[in-house]
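This report describes selected features of one protein model, moving from a strand to a helix pair, a loop residue and salt bridges. Please consult the sequence and the structure shown here alongside the text.

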Amino acid sequence: MSETIADRRARLMGPNVPTFYRTPVHIVRGEGVWLWDAAGKRYLDCYNNVPHVGHCHPAVVGAIAKQAAILNTHTRYHHDLVLDYIEQLTARLGHGISQCIMTCTGSEANDIALRMAQAVTGKIGVIATDNTYHGNTTATSALSSRRPPIGGYPAHVRLVPAPDSLRNPDPDGSIFAGHIKAAIDDLNARGIGFSGMMLCPAFANEGIPTVTPGFFTKAETVIRAAGGLVMCDEVQPGFGRMGSHFWGHEWLGLTPDIVTCGKPMANGHPVAAVLARPDVMAAFRTAFGYFNTFGGNPVSAAACLATLKVIDDEDLQENAAQTSAYVMERLRALRHPLLAEVRGVGMFFGAEFVLDADNTPATAFVEDLVEAMVAKGFILNRIGRAGNTLKIRPPLPFGREHADLLIDALHNALQEVPA
């Protein structure tokens with residue numbers, strides 16, 4: 001009996017390696033918003049944000065190949081490309097943010113951001129929401145509630161209730177700010193002190209709750225009064241995904257001290273960045289002896305520059321604005337007895353399903369719905385604390401014609417999947 005690919009993964013990678021779907025999809029090729037599996041079946045990618053400007057974009061692929069054929073070496077040598085990119089990237093940021101550290105992953109970037117806040121404040125206490133994800137390092141994984149750390153959460157970490165527009169409406173962010181204030185007071189009372197809060201300004205992993213610009217204003221006031229920093233994780237919402245704005249923090253209307261970015265900035269090439277004001281950067285550089293061997297190497301910088309150019313040349317931020325409005329219009333027209341709330345901001349969309357008036361999560365139904373959509377040739381997934389929210393987050397070239405394919409298929413699947 002021949003070994004299956006699932007068996008081979010387990011033999012070579014160990015147990016419990018995560019995959020999507022009951023029958024994992026074996027993807028072998030991608031182009032634009034399309035993926036193909038090993039059997040030749042085509043799928044519309046409605047989920048993957050990392051290939052930000054589309055799978056295998058020829059401009060990005062060409063830039064990587066061209067630079068790889070010339071030079072790729074580490075960051076203790078001078079090279080113009082990484083400086084060119086930092087200049088172009090920081091030109092798109094306000095709030096005095098003008099300096100950058102390039103890394104290889106978003107996890108590394110967020111890890112540095114946490115240390116920057118420590119360096120500025122001299123404190124270590126940090127706050128995040130209780131349904132988020134900011135990375136895989138020891139420090140960043142302690143902010144995630146997916147799987148508690150061995151030995152429990154560190155004493156310096158506080159996880160506050162995430163916004164939940166369905167069960168706990170909080171239109172002006174007062175409740176959220178109150179939770180942050182209580183967490184800061186507790187950190188101070190225990191002698192730990194408060195360095196800052198890290199958040200995704202779209203609350204993407206929290207299930208994309210419905211919040212509006214200004215929602216974080218009261219929370220930011222509380223954080224500033226306590227001397228803390230605001231760290232914006234823009235790995236998912238940044239680089240035009242919001243449509244109306246290039247950055248999530250611009251849309252939400254907050255002032256970050258530190259901004260982090262990840263693989264979408266280079267269309268999937270392993271590179272990330274931490275951007276900060278000069279005073280924050282100086283504090284970090286003084287407190288920590290940090291370098292990253294291949295963060296911002298010439299090939300990574302070339303990939304970043306090419307991706308930024310494609311976003312501009314192909315008007316992908318404008319496409320996100322127009323497509324997102326159309327997708328929301330079609331999602332709101334869907335009818336199903338379990339559909340409780342449709343949510344979206346930019347090229348993020350969520351549809352939450354519940355079983356009853358008490359908003360009991362319809363987790364099994366959404367799991368079945370995702371499987372039905374994959375069988376129809378649509379890559380998407382689920383999100384939220386109970387996994388009962390359908391999550392749609394396509395690459396930016398996703399257009400109206402793709403939206404029609406998706407929503408038509410979703411309409412049919414909703415009729416077919418047993419409630």
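Strand β5 (residues 125-129) is largely enclosed by the rest of the structure, because five of its five residues are buried; buried means under 20% relative accessible area, exposed over 50%, and partly exposed in between, with a 1.4 Å probe and protein chains only. The model is a predicted one, in which local features need pLDDT of at least 70 and side-chain atom pairs count only at pLDDT 80 or more, whereas totals for chains, interfaces and linings use all residues. Residues are numbered from 1 along each chain as its sequence is written, and side-chain values use heavy atoms, with hydrogens and water left out.

Helices (H or I, at least four residues) and strands (E, at least two) are DSSP runs, numbered from the N terminus. Two strands pair if DSSP finds at least two bridges between them. β5 pairs with strand β7 (residues 194-199) in the parallel sense over three bridges, and M197 in β7 is the bridge partner of I127. Strand β6 (residues 157-160) also runs parallel to β5 and is joined to β5 by four bridges; here V157 in β6 stands opposite V126.

**The α3 and α10 helix pair**

Two packed helices are described by the angle between their axes and the distance between the axes. Axes are lines fitted to C-alpha atoms, for helices over the stretch in contact, and angles run from 0 to 180 degrees between N-to-C directions. For helix α3 (residues 80-90) and helix α10 (residues 298-313), the axes come within 8 Å and cross at roughly 35°. The crossing of α3 and α10 is left-handed, a term used if the near helix is turned anticlockwise from the far one by less than a right angle. In α3, the residues L81, V82, D84, Y85 and Q88 meet P298, A301, A302, C304, L305 and L308 of α10, where contact means heavy atoms within 4.5 Å. By class, this contact of α3 with α10 has nine nonpolar, one polar and one charged residues.

**Residue H52**

H52 is located in the loop between β3 (42-45) and α2 (58-68). With 1% relative accessibility, H52 counts as buried. Leaving out residues up to four places away in sequence, H52 touches G238, F239, R241, P264, N267, I311, P395, L396 and P397. One of these residues, I311, is 259 residues from H52 along the chain, and their C-alpha atoms are separated by 8.9 Å.

**Salt bridges**

A search of the whole structure finds 24 salt bridges, each being a side-chain nitrogen of Lys or Arg within 4 Å of a carboxyl oxygen of Asp or Glu.

R11 is exposed, with a relative accessible area of 53%, while E3 counts as partly exposed at 42%. R29 is partly exposed at 44%, and E31 is likewise partly exposed at 48%. E341 and R343 are both buried. A network of salt bridges links D164, R167, E341, R343 and E352.

Notes
Ala, Val, Leu, Ile, Met, Phe, Trp, Tyr, Cys and Pro count as nonpolar, Asp, Glu, Lys and Arg as charged, and the others, Gly among them, as polar.
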